[in-house]
Every structure is written in C-alpha cells, then in structure tokens.
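Trainee: I have just opened this one and would like to talk it through with you. Could we start with the rings and then move on to how the parts meet?

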Amino acid sequence: MPQYYIKLTVPQGKTAQYIALGRGWGKEFEFMVIILKAIMISGRTLGQGASLEAKMSPEFFNATSSCAISESDYNALGISGDENVLVRTEFGEVVLSARKDDGLPPGVIFIPMGPWANAVVGENTGGCGCPLFKGTEAEVEPTKTQVKDVCELFADLKRLAGEGS
Amino acid sequence: MIEEDVLCPFCGCLCDDLKVEVEEGRIVGVKRACRLGMSKFMGHERIVAPMVRRDGVLVETSYEEAYERAAEILKAAKRPLLYGWCSTVCETAKKGILLAEEVGGVIDSTATVCHGPSIIGIEEKGLAGSTLGQVKNRADLIVFWGANPAEAHPRHTLRYSSNSTGMFTPEGRGGRKVIVVDVRKTRTAKNADKFVLIRPGTDYEVIAALRMIVKGKGDLLPDAVAGIAKSDLEEVADMMKAAKFGAVLIGLGLTHSRGRYKNVDGALSLVADLNGFTKFVVLAMRGHYNVAGFGQVCAWETGYPMAVDLSRGAPYFNPGETAACDLLARREADAMMVVAADPASNFPRKTVEAMAEIPVIQVDPYPNPTTFIADVVIPTAVCGIEAEGTAYRMDGLSLRMKKVVDSVYPTDEEVVENILDRVRRLGDDN
Ligand code: SF4
C-alpha cells in the first residue's frame, strides 16, 4: 500500500505535511497529495536496450529518463502535462519525466536502468558485489524542474585541468 | 551480398540465425533480429579516434600514445581495477586476465552488477541446469521469475522457451504452461497462464513458502504469504509438480532485490526439491551476449568467475570486497580500465563519483558517459560484426562469432594486448 504525504491548510493559513495511507483518497477530501512514498525498481526496457550503445542519443534520453507510476498514484499526485517528477531516496535525487503504467501496482515506481535511475541507487552491495537496483524506498513529487540531459547529469563529474594525468 | 547464420552480439540469447545484407562493405539490412539486435547491427555513433585528457579536455591522439598512457596509468596504480569484458569476445577476456595479473590488479566483469548474485547462489547450492535446446524441445512448464524476456531478451520465448516449437513440444505455446512471478505486470506477464504479483523484496519468502507446499508442509503456512493467498501458491506448486519437464528462468528481479543471492539460492533449492517429483531445470537469463563467456574464461584461468583479486600472488575472490562497486565505494581502486562496458551509467552515483577521482582508461567502440570521466579513450571494432571471436550463450554453449564487415579500428583483443605489451616493457625498464 503506498503512502502519501498530504498538504492541507490548517486554521492559521499555514501548511503542514501529513502522512496518509493511500486508501481513502478522493475529491471529497480537502487535501492535495504532494509526495508519494514508493518502492523504486529499475530494469531493462526495449527502448533502453535499443539505445544502450547510443547513450548520447536523444533516443536513449527518451528511453531512460522517465519514471513509470501506477495510474492511481499518478492521479493522486495530480501531475499536470507540463510537469515532471522529482524522485528522492536516501542516496540522491533526480528529475524524470512521468509516465502512467497500468502494469505497476500502487506504491511501486519503475525507472529504466541507466544513469538517471542510478542517481538514486545506493552503493551498498550487501557483501555480494551487487547494489540494490530494485527495492529502494523513494519519495516522488511533481516538479516544474527540467530533466537533465546526459551531459548535464555528468557535468559536475568532469575533471578539471591536469587531474589524473 | 547476404551473410547467413550470423550471430547477434547483443543479448545472452546469442541468436545464431540472422541474415545480414552487406553492400560495399556496409551493413544495409538485417533479417530475423529483434529490435535490440537490429539496432546494434545498423550501427550507432562511434568514438572517432583515440583520445587522452589534456588540461581537462579529451584531445585526439595516436593509438601509440594512448597505449603508452594506459600502460603508465596501470603500472603506476597500486590497486588497479580492470572492469567490463562482457560485450566483447573471450579472446579479449583472456588477455585482460593476463594484464590484470601483470599489474597486480583486480579483474571484474559486469556480471557482478547483474547475475553475480546468481553465481554466488549457484556456488552455495549447485545448479540443476540444462541447455536452452532441452528447454525448447522438452519443457512443458516455463516459469519466468523476476525475468522479463519480452523486453530484455525479445526472441527468447520464440526461439528457446515458452513459445518455441521443439521435438517433443510440437504444439509450441499451446502445449505449454507459463507462470510469471514479478513485482509488476510486465509484457512477459501478459503471456502467462498464471501471473503471481509479489511485493518488491519478498521473493525469498514466496519461494520458501512454495518449497514448503512442494514438500508437503503447506499446512504450516498462514493464509497469505507476503500478501499472496496460500491458494495461489498451492496452484503454482500443483502446476509445477504436474509438469513433465519444468524450467525456471530467473532474472534480475531476484538478484537486484532484497535477498539477492539468497533469493537465487532459494530458487535453486526449489528446483532441487521439485526434482524429487519430476524433472526440473533452472537457468539464469544472462544479459550481455558474452557475460557468460567472461565467467568461463575467468573461472578456467583463475578458478573464480568474477571479482578476482590478482594482487596477492594467488587469485582471491570475495565479492563484497573485491567486486568493482565495492572497490569504488570504499575508494580503494586508484585506477580503472573499462573494457566494453559503461559503469558510469550502470553503477550507483556514489561509485561513479569515485571513478571520476581516479584515472580511467576506456576501451569501447561507442561513446558513453564513461567517456566523460575517462583519461584515455581507445576506440575499437565491434565484436561479432567487425571482429570475430568466441562467445558463450546464456546457457553456457560456446559459439563462434563472425566478422561481417571490415573496420578501421583495432579489435578489443589487439588493444588489450598492446597495453599488456607496454606494461611489460615498462616493467623491464624498472
Ligand atoms: S534476442 Fe538477443 S541475441 Fe536475439 S536478436 Fe534479439 S538482441 Fe540479438
């Protein structure tokens, strides 16, 4: 069962955040979901595979910089056409385009494997060499921020003069 | 000219029936390949020339200088990591292991972030395996557990598993039952007779419950396990026991989620249990076309399939300590050579940050994010298209890959050999 943070107006006109269970969400309630708590999994897709060896191409960007969300979570988040989603885990955060996926159960989000997904995957391998690419707890919220392209994603990692030589 | 029976250098299916149309030394068409294989044959942007980083930017250079620079980096490093090796042929892997030994480094393959946990699981339990030919010709029950071949191995179902037609399986899909266990309704799940939706990270529990039912201890189970009704699990267990020849095909859903190698150990144990009732086999759905091949070469050269530390005089293997992600996360590796892989994309961000702090050598036909943080970039020919060599299909069958067209680039093997040669000469000078 997914958990949502909700925002509602309290008497003094201030806003506060609450955690609410996913059930019971509906128009009759005067609150707006702002954050979804979900389990993030990453994995292969056809589009990701077809552009796997063309990582600088727009095809790879389109195929892997998106986040699939179940229909009910997507609607609960109220994502509008021009909005992306910010996915945050304890290991990092990344902005992705949002996509409805009727194959996903509520509370699970899917990001195609690649550098966008790995921005929020932890490095702990549990003693067996393999990070937890599936199953990281994440928070998802709508955002107007643009999705970084592959160059921007690595911009801060490019080395400066002389280092490593 | 049409080249027949060409192998596809993309996924672990290693399809060997492609027809490639070549005109004036260029590939103009491919038949029978799936979308993934097709895109590989039709080509992508290439690294044009060797490059070295000068004053922070990559500048074109000669192969000679690139080899020299790579050799110096490896020679100067105390804990070099030589990583990748799965989208190239076995001949490259062999030279890579020699190079790792020469520089006293750690050699690891992309398997560690893929089916590495499966290999550890197999080491724990043993594997009731088979070839894909047996699955195709005999299996009347196929279980895809945490595997989505519809997207990762598109021709698998038609060539080898659920939808294939074989000697004792003339009815194809109609004569088989298909079970899919996954955390989401994948395209593969849509082809299933029985789909079991599980919560992420509960594979081990579900497998353990199935094992209890199979072994007649189902009455000890609660009404639901990890959110799945016991009756659903009983149905799955009955289908399994009723099969004449069952095949469990495991994917990254097991190795990448909570439990990792223990999930695989569980799946292998379930298959071992089922062999007390009927015939069952299990196979890992290996990703890259030759990830299995590196494991073979590394095992026969060093005794271990991946993550081998060659700095101690005798090979040492302890994934979690000697695997690439761990060495980077601990900031232990002080130089990295990447051959036919893209860890900058496929590793968690923190480990990529560690890569960016050390000298990196990249050997690859294609530019990718690893290029951004590489200090030496050496372009090569594409194995299986521009260079021949041996590769191992996901089930361990070795096949010879063809060269279909000529290339101006050296092969991966030649590049690694050249670097090895220079490392040895540097050694002589000291
Ligand atoms: S299934 Fe795999 S090996 Fe076969 S054509 Fe597609 S990518 Fe190539």
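Trainee: How many aromatic pairs are there over all chains?

Mentor: Bearing in mind that this is a predicted model, the count comes to seven aromatic pairs over all chains. One of them is formed by A:F154 and B:F372, with 5.7 Å from centre to centre and 40 degrees between the planes.

Trainee: And why is that pair of A:F154 and B:F372 called tilted?

Mentor: Planes under 30 degrees apart count as stacked and those over 60 as edge-to-face, so the 40 degrees between A:F154 and B:F372 makes the pair tilted.

Trainee: Which helices do A:F154 and B:F372 sit in?

Mentor: The pair crosses between chains, with A:F154 in helix α5 of chain A, residues 150-154, and B:F372 in helix α16 of chain B.

Trainee: OK, then the interface itself: how many residues of chain B and chain A are in contact?

Mentor: On the side of chain B there are 67 residues in contact, and they meet 53 residues of chain A. The area buried between the two chains is about 5,100 Å², and carbon and sulfur atoms give 61% of that.

Trainee: What does B:R349 form a salt bridge with?

Mentor: Its partner is A:D156, and the closest N and O atoms of B:R349 and A:D156 are 3.0 Å apart. Across the interface of chain B and chain A there are three salt bridges, and also 16 residue pairs in polar contact, counting pairs with both residues at pLDDT 80 or more.

Trainee: Which element gives the most to the side of chain B that touches chain A?

Mentor: That is α15(B), with six residues. Several other elements of chain B give two or more residues to that side, including α1 (35-42), α4 (116-125) and α16 (369-372). By class, the residues of chain B that touch chain A divide into 31 nonpolar, 16 polar and 20 charged.

Trainee: Switching topic, how is chain B divided into domains?

Mentor: Domain 1 of chain B covers 45-112 and 290-429, while domain 2 covers 116-284. The C-alpha centres of these two domains of chain B lie 34 Å apart.

Trainee: How many residues of domain 1 and domain 2 of chain B are in contact?

Mentor: Nine residues of domain 1 of chain B are in contact with 14 residues of domain 2, and the two domains bury about 860 Å² between them, with 68% of it on carbon and sulfur atoms. In domain 1 of chain B, the residues that lose the most area to domain 2 are B:R393, B:M394 and B:D395, which together account for 56% of what that side buries.

Trainee: And how many salt bridges are there between those two domains of chain B?

Mentor: The count between domain 1 and domain 2 of chain B is zero salt bridges, although there are two residue pairs in polar contact, both residues being at pLDDT 80 or more.

How values were computed:
Residues are numbered from 1 along each chain as its sequence is written. Chains are lettered from A and ligands numbered from 1 in the order in which they are written. This is a predicted model: local features need pLDDT of at least 70, side-chain atom pairs count only at pLDDT 80 or more; totals for chains, interfaces and linings use all residues. Side-chain values use heavy atoms; hydrogens and water are left out. Contact means heavy atoms within 4.5 Å. Buried area is the accessible area (1.4 Å probe) that two parts lose on being put together, summed over both. A salt bridge is a side-chain nitrogen of Lys or Arg within 4 Å of a carboxyl oxygen of Asp or Glu. A polar contact is a pair of N or O atoms within 3.5 Å; within protein, one must be able to donate a hydrogen and the other to accept it, and residues adjacent in sequence count only if both atoms are side-chain atoms. Helices (H or I, at least four residues) and strands (E, at least two) are DSSP runs, numbered from the N terminus. Ala, Val, Leu, Ile, Met, Phe, Trp, Tyr, Cys and Pro count as nonpolar, Asp, Glu, Lys and Arg as charged, and the others, Gly among them, as polar. Domain bounds come from an automatic or database domain assignment. Rings of Phe, Tyr and Trp (its six-membered ring) pair if their centres lie within 6.5 Å; planes under 30 degrees apart count as stacked, over 60 as edge-to-face and the rest as tilted.
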